[in-house]
Amino acid sequence: MGILEELLRDIPLPRMVKVRQHFHAPEIDDVASAVRRAIAEAGVLPRIAPGDRVAIAVGSRGVADIPTIAREVVRAIAAVGGQPFLVPAMGSHGGATAEGQREVLESLGVTEAFVGAPIVSSMDVVEVGRLPNGLPVYTDKHAYQADKIVVINRIKPHTAFRGPVESGLLKMITIGLGKQKGAEAAHAYSFKYMAEHVLEMAKMVIARAPIVFGVGTIENAYDRPAKIVAIPAEKLVDEEPKLLVEAKALMPKIAFTPLDVLVVDEIGKDISGDGMDPNITGRYGTPYASGGVEAVRTVVLRLTEKTHGNANGIGLADITTRDVFESIDWEKGYANALTSTVVGTVKLPMFLDTGELAVKAAIKTCNAFDLTRVRLVRIKNTLHLKDIWISESLLHEARQRDDIEIVTEPLPMDFSGHYP
């Protein structure tokens, strides 16, 4: 037995209880129909003339039903004689390479075969102007040279700043379509000024590039589409802040706080830009945002398959596993850090050989007065918070809440490699 195993041998693991969190969660039953209806209600298709080459900007986040949404936008444009093609709009993601960005889209199910349109992936950009402070504003060259541009994205709270618009269509226009150079420019003066810069940059791109409309989604607490809207380009600046308010009201959360230990089974860029959404975990890479659960120690057990080794966000954890360490493609996370100028998110925390040792290390170092009654919550990831596991010590609180359903009896903690 090694020294670490010896130090952690007698640390007690709590028995765990699966509970179901119930959130107010409106949901769209037929996403394809909702996209068609939103586009029709917005009256935006007459802006596309027969023969127009139309660039459809699609990002890298885990947007629910994004293949279906993209396909329906393609079909709507083609129905009026447009010639749609997709461009990855994901800043520096995918390792900041054209092929990497295409692979990210395909890993999300956005393939040429499914959506019925070609994917034109390039890191080439055009400078469309400069802000008064000198920051350049870029946009994807192929999109800029198209006759029209349509943008698709989810609207939600950002992980690193607060403002009237955060993560959504306007940010997609400035940073997503701006590719590596645009992302670099937008982040150059730190997240402290991001809310201001996103708005000003987006206004400039809308004025100087052929953007005709955006398709925005709001998701419910169970990562399902709750609302889909199409917004004419000239109304984006006024309408997106209202949608952000709606999105924040529907955000899920962990019902138990404060905690001694939060265990997150998986993180990845397909889950959140920071691997695990700080709006849920309370762990932020910058001081310009707040919210979420309070946890003394946070543990990450593995990376998602779809993150392709990008471990951006692992630095927000205190402890992780050897499996995570051996899965990391350092260049991908470092490219994100160099672009965003936030380096703490790619630091490697203490890592232990197994998930069990990692959780024991978190319990040992959480400074709880009684380690046998540790307040511990385990989640699959920050997108899926319907069914979570709580330590036996939290059962009394769970029984007092109408929005919590107790699913199982107390069981030993499971480290078989899959979220139990």
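1. Let's start with Arg 9, which forms a salt bridge (a side-chain nitrogen of Lys or Arg within 4 Å of a carboxyl oxygen of Asp or Glu) with Glu 6, the closest N and O atoms being 3.2 Å apart. Arg 9 counts as partly exposed because its relative accessibility is 45%; Glu 6, at 38%, is partly exposed too. Here buried means under 20% relative accessible area, exposed over 50%, and partly exposed in between (1.4 Å probe, protein chains only).

2. A word on the basis: this is a predicted model, in which local features need pLDDT of at least 70 and side-chain atom pairs count only at pLDDT 80 or more, while totals for chains, interfaces and linings use all residues. Residues are numbered from 1 along each chain as its sequence is written, and side-chain values use heavy atoms, leaving out hydrogens and water.

3. Arg 47 and Glu 234 meet through their side chains in a salt bridge of 2.7 Å, N to O. This pair links distant parts of the chain, 187 residues apart: Arg 47 sits in the loop between helix H2 (31-42) and strand S2 (53-58), Glu 234 in the loop between strand S8 (225-232) and helix H10 (236-250). Helices (H or I, at least four residues) and strands (E, at least two) are DSSP runs, numbered from the N terminus.

4. Do have a look at strand S14 (residues 387-391), where 4 of the 5 residues are buried. Strand S1 (residues 16-21) runs antiparallel to S14, joined by 5 bridges; strands pair if DSSP finds at least two bridges between them. Arg 20 has Asp 387 in S14 as its bridge partner.
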